[in-house]
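Student: I've got a new model open. Can you show me how to read it?

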Amino acid sequence: MQVYTSLAVIDALHDRLLALPTTLVIDHFGGARAEAGVTQPGFAALLSLVRAGNAYVKLSGGYRISRLPDWSDVAPLARALIEANPERMLWGTDWPHPGGGHRGPSARDSIEPFHPIDDGAALNRLALWAGGQDMLRQILVANPERLYGF
């Protein structure tokens, strides 16, 4: 099961999520807010699910959780998640980078432009967060191979 939700929901449903009889994948850093750091409400619940091996987290969509152009405030969250259980980390581009995020709601009949995200730079950020080639290979190759069976 894959979800795109918030830390508040993860925190409120922590015990139920911990008891799920299926694999759980949580998108976009669990909806954490980068500027709030690792002590923000609900982040401990996300870390708990990851440590227990009950959830994978996609280290994707950094632009959705950061207000900085270089997403440098995302690094502490990424590193905390990787440290909690590197075998439960995944990466994705979030391509083609749909609207939403911190821009607020839009009219239902309007077409939102895609975000102009440099996917190469995003991958380079992941390499920095991973801290080495072995960890990067685990996140990009071994973990998705195990989860998705390819």
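Predicted model: local features only at pLDDT ≥ 70, side-chain atom pairs only at ≥ 80, totals over all residues.

Student: In what order do the 4 strands of the open sheet come?

Tutor: Strands (E, at least two) and helices (H or I, at least four residues) are DSSP runs numbered from the N terminus, and two strands pair if DSSP finds at least two bridges between them. Here the order is β1-β2-β3-β4, with parallel pairing. β1 (2-3) and β4 (89-90) each have a single partner strand, so one side of each lacks a neighbour in the sheet. β1 pairs with β2 (residues 24-26) over 2 bridges, and Q2 sits opposite V25 in β2.

Student: Where does α7 bend?

Tutor: A bend is the angle between axes fitted to the seven residues ending at a residue and the seven starting there. α7 bends by about 40° at I139.

Student: Which residues of α7 are buried?

Tutor: Buried means under 20% relative accessible area (1.4 Å probe, protein chains only). In α7 they're L136, Q138, I139, N143 and P144, packing against β3 (55-58), α5 (75-84), β4 and α6 (119-130). Just after α7, G149 has a positive phi of about 70°.

Student: And which are buried in helix α3?

Tutor: In α3 (residues 43-51), F43, A45, L46, L47, L49 and V50 are buried. Just past α3, G53 takes a positive phi of about 80°.

Key: Residues numbered from 1 in each chain as written. Heavy atoms only, no water. Buried < 20%, exposed > 50% of the residue type's maximum accessible area, 1.4 Å probe, protein only. Contact = heavy atoms within 4.5 Å.
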